[in-house]
Amino acid sequence: SSDLGVRYFAILGIELRPHERTTEATTGIHWLSAGDDVLLEDCLIHGYKDNLIFSAFNEDRPLRNLRLRRCQVLDSYSVAGHSQGLFASNVRGLVIDECVFDHNGWNPDIEGAHPTIFNHNIYVSTKNSDVEVRRSFISRGSSHGVQMRSGGIQSRNVFVLNALASLLGGGDPDPETHTYGITGVIEENLILHGRDIGAMARGNAIHLTNVGDDGAIVRGNIIAENRSTSGMPAVLLQGVGYGSGVGVR
């Protein structure tokens, strides 16, 4: 370890599952250090409150160049707090490639672990940069398939049965990422079977908000077979309200 934290580190070919759930404070992998060039490949992580958390605790020492490749991240849930398949904060350079994120944030077989608007398959906070999610299968999230508040690229993914498949922008105010808006790309994704969260109206495929002067690109996506009964639009451009920042430019 050095001022750069843990460097050139790989976790390959492991399976993680909690052998029991006697407490809510369970996480599959919780990374708090600064670092550079970290790889997770061919791993199966499932059944925790939060399957993966990457959050370098010192904002001046981020985690750089984090890659998830061909991993399965499944079935996170909680009865007392938020739950994610992956939560990322203070990461500079995050690539998720050819992964499966399925059924994170809820569990119909556990009392109190119902789907909510706060739980997601992939939750990328405002305090990240250079984020890309590509060629992945992302399905049955409690709420969002990908909530990418920092901006970034979402390309060639398949989204199925998420309450809201793809969010770009929004989030808590931040002097760099929120006040001046974000930029990003959503392209060549297949988005199927949007749904509500219980009685709560959802079903959006793509949601853009707080898009700054550099703009965003949405192109070549296929959106089909919405299962929501709420009449929500397939593509939502949010100019006002929580997380809207500069609106959509």
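Select Q154 to begin, and then look across to strand 19, where the bridge partner of Q154 is I186. Strand 16 and strand 19 (residues 182–187) run parallel and are joined by four bridges, and two strands are said to pair here if DSSP finds at least two bridges between them. The strands themselves (E, at least two residues) are DSSP runs, numbered from the N terminus. The model you are looking at is predicted, so local features need pLDDT of at least 70 and side-chain atom pairs count only at pLDDT 80 or more, while totals for chains, interfaces and linings use all residues. Residues are numbered from 1 along each chain as its sequence is written, and side-chain values use heavy atoms, with hydrogens and water left out.

Strand 13 (residues 128–134) and strand 16 (residues 152–155) run parallel and are joined by three bridges. Next select L94, whose bridge partner in strand 13 is V131; strand 10 and strand 13 pair in the parallel sense over six bridges. Strand 10 (residues 91–97) is mostly covered, with six of its seven residues buried, where buried means under 20% relative accessible area, exposed means over 50%, and partly exposed lies in between (1.4 Å probe, protein chains only). Strand 7 (residues 63–69) also pairs with strand 10 in the parallel sense, over six bridges, and L68 stands opposite I96 there.

Which residues does L68 contact, leaving aside its neighbours within four places in sequence? With contact meaning heavy atoms within 4.5 Å, they are L40, L52, F54, L86, V95, I96, D97, C99 and F101.

For the next stop, colour the strands of the open sheet that has eight strands in the order 2-5-8-11-14-17-20-23, with parallel pairing. Strand 2 (15–16) and strand 23 (222–224) stand at the edges, each with a single partner strand, so one side of each is left without a neighbour in the sheet. Within this sheet, strand 17 (residues 158–160) and strand 20 (residues 190–192) pair in the parallel sense over three bridges, and V158 has L190 as its bridge partner in strand 20.

Now select S83, which lies in the loop between strand 8 (72–74) and strand 9 (84–89). Is this residue, S83, buried or exposed? S83 is buried, with a relative accessible area of 0%. Leaving aside neighbours within four places in sequence, the residues in contact with S83 include Y48, K49, D50, N119 and H120.

Charged pairs come next, and a salt bridge here is a side-chain nitrogen of Lys or Arg within 4 Å of a carboxyl oxygen of Asp or Glu. By this rule the count comes to 14 salt bridges. Select K127 and E59, which form one of them, their closest N and O atoms being 3.1 Å apart. This pair links distant parts of the chain, 68 residues apart, with K127 in the loop between strand 12 (120–124) and strand 13, and E59 in the loop between strand 6 (50–55) and strand 7. K127 is partly exposed at 34% relative accessible area, whereas E59 counts as exposed at 52%.

Then select R135 and E98, whose side chains meet in a salt bridge (3.9 Å, N to O). R135 lies in the loop between strand 13 and strand 14 (137–139) and E98 in the loop between strand 10 and strand 11 (100–102), so the pair ties together parts that are 37 residues apart in sequence. R135 counts as partly exposed at 42% relative accessibility, and E98 is partly exposed at 26%.
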